[in-house]
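Colleague: Hi! Could you walk me through a few spots in this model?

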Amino acid sequence: SSSSSSSSSSMGGGPSSSICHAPQTCPLGPNEGVGSQPGEDDGNRVHRPRADLVLRGPGEAHPTFTAEELAVSCKPNAPTSGTLGCPHYARGCKIRAPCCRKMYVCRLCHDSDVDRTCSAKLDTYSVTEMLCMHCQTLQPVGKHCQVCYSDLGLAAQPQSQHTTQDTVRPNRHTANDRTHAVLGKYYCNVCKLWDNSLDREIYHCPYCNVCRVGKGLGVDYRHCMRCNCCVEMREGVTHRCISQVLEGNCPICADTLRFSTADLKGLPCGHTMHLECYRQYRAYSYTCPICLKTMDDMRDYFSRLDQAAAHSPVPNMFRNTRSRIYCNDCGDTSVVQYHMLYHKCPKSACGSYNTRVLDTMVLPPGEEAEDGTSNGSGSGGGGGGVQTAGE
């Protein structure tokens, strides 16, 4: 998150086109721990996990998966070679999607899989099964692998309602063994989120009901109850409330904001968009695409427009012409001297060129306009603004 009135982004890396349940280059081997039914062709055979600890109903068969689904997946470009995970997260498990019943490392891997059999995005709140990539055991979701944890001679700890960041207590086993038991140094039992990344901290906001990047509420973020979003507490960050501001979509790319994994940009007017969308949009416009207010401090730019207006006097044929303008920044309507290029808000506290012309009028001889000038006043230049469509 960045800038004035910033909102934290939902936890995760940016969308990726790679499918993370497919085999990846990993020192552990693409099919380590995969069991298969004997006598079947290698290209079509189905595979079972080494163990299935999920309690199933009477007559419910144990699930089978493809080799790609059970394959060990490593996080590319991770600081440590062989780090399990996907392009979005470092974690030691895969989750079973409740919609298509397939294995993926994370919800983003599921949503970016163009070959998946379901059309809906993965609902992480409804995930109930996970596969430990260390021992290939299918089991109920949790911070620890029940088998790896049991192998250490420890009883599995009950999962808290929200998040945990504890580690397995040291014992006679090696640090690598203990690492296998903990599938994610950060784990949220609400969002079903595991993460072993070393370059970011995560917290769960109970009001947003989503995990976000940051140290936590009251530390570097606070939750605005009116906007229903998390706002940075960094010095210099201002926040303008707009009710349920993250409930809509980004005005540039139309993607959702509340569960976005990309950084968000809060504008001075209170509206929000993706940071990358803002950067691309800002290259050719300085006004909010929703309310048309200026998105940045434009005083230097407006000063240059003052100079341009001063060097572009109004021709004599337009001296009796006035423009009725609306200022997008202060919201006032004014009557100013017509100008071919610029119309500036006459309010001393505003002075914005972010205006639009509502209509133009020609004053009869001797009539005084609403701006207090007559047709013989000889006022020129004066003020301007961005032209509107059809102006």
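Predicted model: local features only at pLDDT ≥ 70, side-chain atom pairs only at ≥ 80, totals over all residues.

Colleague: Which residues of helix α5 are buried?

Modeller: In α5, which spans residues 275-282, the buried ones are Leu 275, Cys 277, Tyr 278 and Tyr 281.

Colleague: How wide an arc do they cover around the axis?

Modeller: They cover an arc of only 155°, so they sit on the same side of α5. In general, an α-helix has 3.6 residues a turn, so residues three or four places apart point the same way.

Colleague: And what does the face turned away from the buried side carry?

Modeller: That face of α5 carries Arg 279 and Gln 280, which are exposed.

Colleague: What do the buried residues of α5 pack against?

Modeller: They pack against two strands, β15 (264-266) and β16 (272-274).

Colleague: Where does His 271 lie?

Modeller: His 271 is in the loop between β15 and β16.

Colleague: Does it count as buried or exposed there, and why?

Modeller: His 271 counts as buried, because its relative accessibility is 17% and the cut-off for buried is under 20%.

Colleague: What is His 271 in contact with, leaving aside neighbours within four places in sequence?

Modeller: Its contacts include Ile 242, Val 245, Lys 265 and Cys 291. Cys 291 is 20 residues away along the chain, with 8.5 Å between the C-alpha atoms of the pair.

Colleague: Switching topic: which residues form the nonpolar patch on the surface?

Modeller: Tyr 207, Leu 217 and Met 225 form that patch, and together they have about 310 Å² of accessible area. Tyr 207 lies in the loop between β11 (202-205) and β12 (210-213), and Tyr 207 is partly exposed, at 47% relative accessible area.

Definitions and conventions
Residues numbered from 1 in each chain as written. Heavy atoms only, no water. Patch = residues over 30% accessible without salt bridge, like charges linked within 9 Å, V, L, I, M, F, W, Y side chains within 5 Å. Areas by Shrake-Rupley, 256 points an atom, 1.4 Å probe, with all protein chains shown as cover. Salt bridge = Lys/Arg side-chain N within 4 Å of Asp/Glu carboxyl O. Helix = DSSP H or I, 4+ residues; strand = E, 2+ residues; numbered from the N terminus. Buried < 20%, exposed > 50% of the residue type's maximum accessible area, 1.4 Å probe, protein only. Arc of directions from axis to C-beta. Contact = heavy atoms within 4.5 Å.
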